[in-house]
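Subject: Structure for your review, with notes

Dear colleague,

Please find the structure below, together with its sequence. My notes on what was found in it follow directly after.

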Protein chains: 2
Amino acid sequence: MSAQTGLPTSTLQATLLRSRSLVEPALRKAVSELHPAPGRIASHAFGWCDEDGTPTAAANDAGGKGIRQALAVLGAQAVGAAAETAVSAAVAIELVHTFSLMHDDIMDGDERRRHRPSAWKAFGTGQAVLAGDALFALAVRVLAETPGEGGAAALRQLTVTLGELVHGQADDLLFETRPWTGPGAVDIAEYQAMAERKTGSLLASALGLGAALAGAPPEPVAALSWAGRQWGIAFQGIDDLLGIWGDPRATGKPAHSDLRRRKKTLPVLAAMSLDPAAGPVLAGLLGTRGPVEEADVRRAAQVIEDAGGRDFALREARRLLDAARERMYAAPLAPAAVDELVALSESLLRYAS
Amino acid sequence: MSAQTGLPTSTLQATLLRSRSLVEPALRKAVSELHPAPGRIASHAFGWCDEDGTPTAAANDAGGKGIRQALAVLGAQAVGAAAETAVSAAVAIELVHTFSLMHDDIMDGDERRRHRPSAWKAFGTGQAVLAGDALFALAVRVLAETPGEGGAAALRQLTVTLGELVHGQADDLLFETRPWTGPGAVDIAEYQAMAERKTGSLLASALGLGAALAGAPPEPVAALSWAGRQWGIAFQGIDDLLGIWGDPRATGKPAHSDLRRRKKTLPVLAAMSLDPAAGPVLAGLLGTRGPVEEADVRRAAQVIEDAGGRDFALREARRLLDAARERMYAAPLAPAAVDELVALSESLLRYAS
């Protein structure tokens with residue numbers, strides 16, 4: 001059972017499965033129109049085939065849980081439209097999400113994605129750049145070909161989101177070069193503004209585009225988009241928790257991976273803000289060049305936890321999910337769809353990454 | 001004087017300067033809205049600043065000649081519209097062109113672009129991936145925000161072009177892995193189909209988008225777009241000639257650079273098609289692994305020339321430019337604008353790359 005909505009966990013699985021059954025055929029059709037080379041890399045990223053092109057088993061999570069496509073579908077249903085209305089929005093959002101992971105993995109040097117080699121690691125950097133471009137172009141095209149005024153409005157919204165995604169990623173990369181303490185250090189507000197752009201804008205689009213395509217009025221669309229932004233910030237914070245304390249078997253990444261990479265994530269920034277003594281200690285443990293010692297990584301995780309960084313990130317996520325829930329229930333939205341959205345947002349705690 | 005139109009060369013310069021004066025303020029304004037990190041990389045690519053952000057002298061060609069923006073402006077004028085109508089199309093096209101060069105340079109490992117370090121060389125691969133994404137997103141946004149039905153039509157056209165660009169680049173990369181001779185070898189028709197996608201589609205969009213934004217009927221828009229496609233194929237062939245026989249001082253690349261990189265460009269494919277004996281010889285000289293010997297490169301250039309590969313590429317360019325010219329003069333287009341377009345297309349022989 002989900003504590004917040006009373007919907008059983010199996011309902012969440014049913015929600016995700018229902019959206020996937022609706023969206024995946026259109027997504028596969030769109031991807032099948034790509035050039036075979038970027039098309040294969042895209043199919044690998046969606047979990048449909050192995051590196052050599054061999055199709056994978058029908059049901060697997062190698063392409064992610066499909067949360068964003070479910071948000072698009074539920075967004076349409078929340079404004080009283082048929083689930084089918086959201087299909088092209090859901091396809092566009094999944095394409096943009098996958099493009100963005102593919103290029104971010106290049107920038108961040110991430111070699112693994114969902115327990116498999118990332119695209120650049122499996123196919124080479126140049127091919128991964130091109131495959132990302134192909135997905136980006138396809139996303140825009142899918143919406144541009146959606147007929148009606150709703151399609152044009154959705155496309156305008158998506159172009160704003162694309163700019164925000166890039167802006168958020170640029171900030172994230174810059175943060176790594178900024179000092180740990182003193183003037184120029186990253187603060188929590190800046191970090192959350194980055195997370196809102198990098199993660200929140202796409203979730204906001206996922207929720208809002210389905211509703212926009214259905215021709216919904218501004219008020220419910222704004223409530224859905226606002227909720228998506230809060231989720232994005234919460235989602236990033238939970239991802240940050242998993243990047244330090246997540247189980248490697250679940251995350252597919254080594255324990256403490258974000259600390260090993262010296263990432264100034266939310267728990268780290270919160271620890272330094274809550275305990276002025278923590279900053280210099282963490283800077284001493286992680287802020288040097290060369291490989292980070294295993295003992296220093298473990299010590300840093302403990303310092304962050306002792307200073308309250310872990311609790312802060314969890315509390316923030318709870319606060320943001322609560323605010324999003326309240327706003328949605330207060331808006332003129334279909335309660336059954338909002339129930340499912342709330343249950344999905346609660347599942348972020350488990351599905352994060 | 002241009003042999004084809006009787007317009008003096010200084011008129012060409014005036015055409016380019018006039019378009020640039022009209023378009024560059026809008027282009028700079030759009031780029032100024034980017035995050036400062038990708039914004040600086042974009043400004044460097046447009047020739048507005050050095051690697052460290054220092055503004056460059058007002059008039060220079062470090063950002064290219066601006067042919068595509070001129071095509072957009074002349075395309076609008078050719079259908080009787082004011083030059084100003086084309087500004088957002090011209091901005092979008094210049095943004096897409098620069099995005100595509102930035103990402104292609106990563107894929108091709110090209111370290112130089114217009115006599116300066118390419119973006120990935122100057123700023124790192126990750127930053128160049130992100131800056132390219134930023135330009136791509138901005139291009140789509142600029143058109144999405146252009147009001148009116150013309151804007152929506154132009155955006156739909158641009159999304160098709162973006163897909164073609166990626167498809168053409170994917171083919172170009174694949175060609176490098178295919179055999180020199182025998183089954184699976186690249187033929188001239190395939191090569192020209194690649195060039196039409198990789199180079200022609202954007203020139204077609206440049207010419208057609210300005211006219212589409214002006215609300216022109218299908219016939220003149222189709223004539224302009226068709227001409228742009230022929231130019232693209234011709235342009236690629238001329239670029240290929242320069243890649244083998246171009247003056248390093250003009251191209252900014254070492255002599256025979258395409259042969260050193262074993263690229264199967266049009267003159268090479270034509271030589272092998274015209275003289276069956278040339279294929280095995282060229283495969284022997286260039287088709288091996290490891291660095292290519294300087295003497296082998298010079299010998300290969302001579303074999304290609306002797307087999308008629310150079311003449312073929314030149315004749316093809318001439319044929320394509322002639323066909324484009326005839327189609328434009330036969331269409332309901334303003335003759336003065338077509339005169340300028342023809343003069344510009346002739347200048348490709350000098351401005352290629």
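In chain B, the helix H4(B) meets the helix H8(B) through Ser88(B), Ala89(B), Ala90(B), Ile93(B), Val96(B) and His97(B) on the H4(B) side and Leu202(B), Ser205(B), Ala206(B), Leu209(B), Gly210(B) and Leu213(B) on the H8(B) side, where two residues are in contact if their C-beta atoms, placed from the backbone, lie within 7 Å, and where helices (H or I, at least four residues) and strands (E, at least two) are DSSP runs numbered from the N terminus. The residues of this contact of H4(B) with H8(B) comprise eight nonpolar, four polar and no charged; here Ala, Val, Leu, Ile, Met, Phe, Trp, Tyr, Cys and Pro count as nonpolar, Asp, Glu, Lys and Arg as charged, and the others, Gly among them, as polar.

Please keep in mind that this is a predicted model, in which local features need pLDDT of at least 70 and side-chain atom pairs count only at pLDDT 80 or more, while totals for chains, interfaces and linings use all residues. Residues are numbered from 1 along each chain as its sequence is written, and chains are lettered from A and ligands numbered from 1 in the order in which they are written.

Two packed helices are described by the angle between their axes and the distance between the axes. For H4(B) and H8(B), which spans residues 188-213, the angle is about 160 degrees and the axes are 8 Å apart, the axes being lines fitted to C-alpha atoms, for helices over the stretch in contact, with angles that run from 0 to 180 degrees between N-to-C directions. H4(B) and H8(B) are therefore roughly antiparallel to each other (angles under 35 degrees count as roughly parallel, over 145 as roughly antiparallel, 65 to 115 as roughly perpendicular and the rest as oblique). The crossing in which H4(B) passes H8(B) is right-handed (a crossing is left-handed if the near helix is turned anticlockwise from the far one by less than a right angle, and right-handed if clockwise).

Turning to the two chains together, 32 residues of chain B are in contact with 32 residues of chain A. On chain B, the helices H2 (36-45), H4 (87-108), H6 (125-144) and H7 (149-175) each supply at least two residues of the side that touches chain A, and the largest share of that side, 13 residues, comes from H7(B). This side of chain B has 20 nonpolar, eight polar and four charged residues. Chain B is superposed on chain A by a rotation of 180 degrees with 0.0 Å of shift along its axis (RMSD 0.0 Å), which is the relation of a two-fold axis; copies are superposed by least squares on the C-alpha atoms of residues with pLDDT of at least 70 in both. Because 100% of the interface residues of chain B are also interface residues in chain A, the copies meet through the same surface.

As for H2(B), nine of its 10 residues are buried, so H2(B) is largely enclosed by the rest of the structure (a residue is buried if 20 or more other C-beta atoms lie within 10 Å of its own, exposed if 12 or fewer, and partly exposed in between, with C-beta atoms placed from the backbone). Among the buried residues of H2(B) are Pro38(B), Arg40(B) and His44(B), and H2(B) is followed by Gly47(B), whose phi is positive, near 80 degrees.

Most residues other than glycine have a negative phi, and most peptide bonds are trans. Arg114(A), however, has a positive phi near 50 degrees; Arg114(A) lies in the loop between strands S1 (112-113) and S2 (116-117) of chain A. His256(B), also not a glycine, has a positive phi of about 60 degrees, and its place is in the loop between helices H10 (248-251) and H11 (257-260) of chain B. His256(B) is partly exposed, with 19 other C-beta atoms within 10 Å.

With best regards
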